[in-house]
Amino acid sequence: MNINEVQRRLWEQSRTHRENQVSETPLFPSNPYDLRVRKLMDLMHNPIWLSEAAHRVMKRSYGKAPGVDGVTVKEFRSGFERRVEELRLELKRGNYQPQPVRQVMIPKANGKMRALGIPCLRDKIVQEAMRMALEPIFEVDFHENSYGFRPNRNTHQAVHRCQHLMKLKFTWVIEGDVKACFDEISHKAILKVLREKVHDNKFLDLIKRFLKAGVEVDGVVKPTVKGVPQGGVISPLLANTVLNKLDWYLHSKGKYGKQAEKRCWDVKQPNIRFVRYADDWCVFVTRASKRYVSGLRDSIGKFLETECGLSLSMEKTHITHVRDGFSFLGFDLKLTVGRNGNLVPKIRIGTKAKQQLQLRLNEAMRYRPHQESIALRIKRGSAVVRGWANYYCIAYNYPALTSTLDHWAFWIAVKAISRKLDIRAAKVLKRYYRQSTIVVSEDCKLERFRSTSIRLYISKPEPYHPEDANSYETDEEIEASFHKFNERGRFGQWDSKHEALKRDNYCCQICGAKVTAEISHADHIEPVKSFANFQMANSNGNVQTLCHECHKNKHRGN
């Protein structure tokens, strides 16, 4: 089976279905329900399809928390073929039952807590198999102004679209936010949208089982009557299918094309455009009063309640003028006076974003267990710097802030090292200050914000095609992923690793190959179990540098 070819056929069939729906005078009138996609369940228990889904999930889930069954990626890989075959047979026989989602609470920027669902690996694999089938079907229907959780689209493109609309003299903005979208979305609305494109009762029943699987909170399983688990593989796609109705509702309110826009301009009628990223959206209105915009907001709220089973978050939904500025996806956008005296829309880094950066830097380097390695703190702090800089580098005031941000990161790192080693900051600077930053070794130094340049040009989204190499905006791109940087209870091993690397001149002690921290192991000459504790085993004389291959060969028999 060629997966790309199957996805292309699904995409073409869905496109034919849509063309038949939007055509007012089809050449051969037919029942629109006849062109729906069928037999998707056969793909779910196809061995090639399911194996590809499993490999994708294994790659994304490495090092992340397991679900209620406690099975990690390493354990699943030990019997990979057997486990995938058991899963395939359960799907084929129809007795597959998703397990409840393990719920954890994480803090939000406004001080509230957000529920994050962690599915089991088996359920992630099945959800990925469903996403692979549903994505080419629904990408045909998705609106071009929807940017969240879609291939070849990202937050930067959504923010630049808002800036472009401000240039086109749109004056009023509705800052919209759907209240608890992932928790409150109606199961009935999801299944109704899916039935419009998919004619396979077994497949729809599988999705319904996922929606009703329940949530485990503190060991107690609670039923789910609404919402999708935030953290599930297929949850963003299901939410987009329902919110796509909102997109086309807003589209129907606007006038498109040069002639229609000119007619609007001549009679001074309002016109509407919008930008949506998941459950955050902005509606831009021109040639209208605030009363008209307020009525539009109320009509949007009624549409969400009747068609999607959702409601607006009134504390986050505001009507503002572009000169007063508004916030979208962490950026502040405002119409200000430029150098030539003209009004220019500008993207700024807001105060909240800077406050959150200070908190994250402290969490990454200072608020850590005392025994944790200095090298690990610097690596984690560098991940925060790199992720934050790559996200906010499109703001026009980013270059002016880099010196201040580097100052914050530098002194947070100095205070963290000073507290760990119980020495004064002057001694920390003498020992670690090199090249205007904190340097532990050649490949372990604190990243600097000024190393990331401002991005003045953002390309438009590329059209979706299933045979192309479609890219996705992941959590690692939006925010630094901490699961890559941990010592798994063996505190101090990162420091000893970098000390051994410097002592061994960055060479493997068996084959002599040149290595770095990422492609080497800090190997214990005498096993750790031979010592009373890990600190004794981690002494400098008992640690040597080995490349991955030599380390694997040494411990192959153990």
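Predicted model: local features only at pLDDT ≥ 70, side-chain atom pairs only at ≥ 80, totals over all residues.
1. Of its 20 lining residues, Tyr147, Arg161, His164, Lys460 and Pro461 are the closest to the centre. Here a pocket is an open set of points on a 1 Å grid over the protein atoms alone, with protein on both sides within 12 Å along at least five of seven lines, and lining residues have an atom within 4 Å of a point.

2. Residues are numbered from 1 along each chain as its sequence is written, and side-chain values use heavy atoms, with hydrogens and water left out.

3. Now the cavities, which are sets of points where a 1.4 Å probe fits but cannot get out. There are 3 of 30 Å³ or more. The largest cavity holds about 120 Å³, and among its 15 lining residues Gln127, Phe210, Leu211, Pro229 and Ile234 lie nearest the centre.

4. The second largest cavity comes to about 50 Å³. Its lining includes Ser61, Lys64, Val71 and Lys124.

5. Finally, helix α15 (residues 374–392) packs against helix α19 (residues 493–503) at an angle of about 100°, their axes 6 Å apart. The two are therefore roughly perpendicular (a label for angles of 65 to 115 degrees). Ile374, Ala375, Leu376 and Lys379 of α15 meet Trp494, Asp495 and His498 of α19, contact meaning heavy atoms within 4.5 Å.

How values were computed: Axes fitted to C-alpha atoms, helices over the stretch in contact; angles between N-to-C directions. Helix = DSSP H or I, 4+ residues; strand = E, 2+ residues; numbered from the N terminus. Parallel < 35°, antiparallel > 145°, perpendicular 65-115°, else oblique. Points joined across faces, edges and corners; volume = space filled by probe spheres on them.
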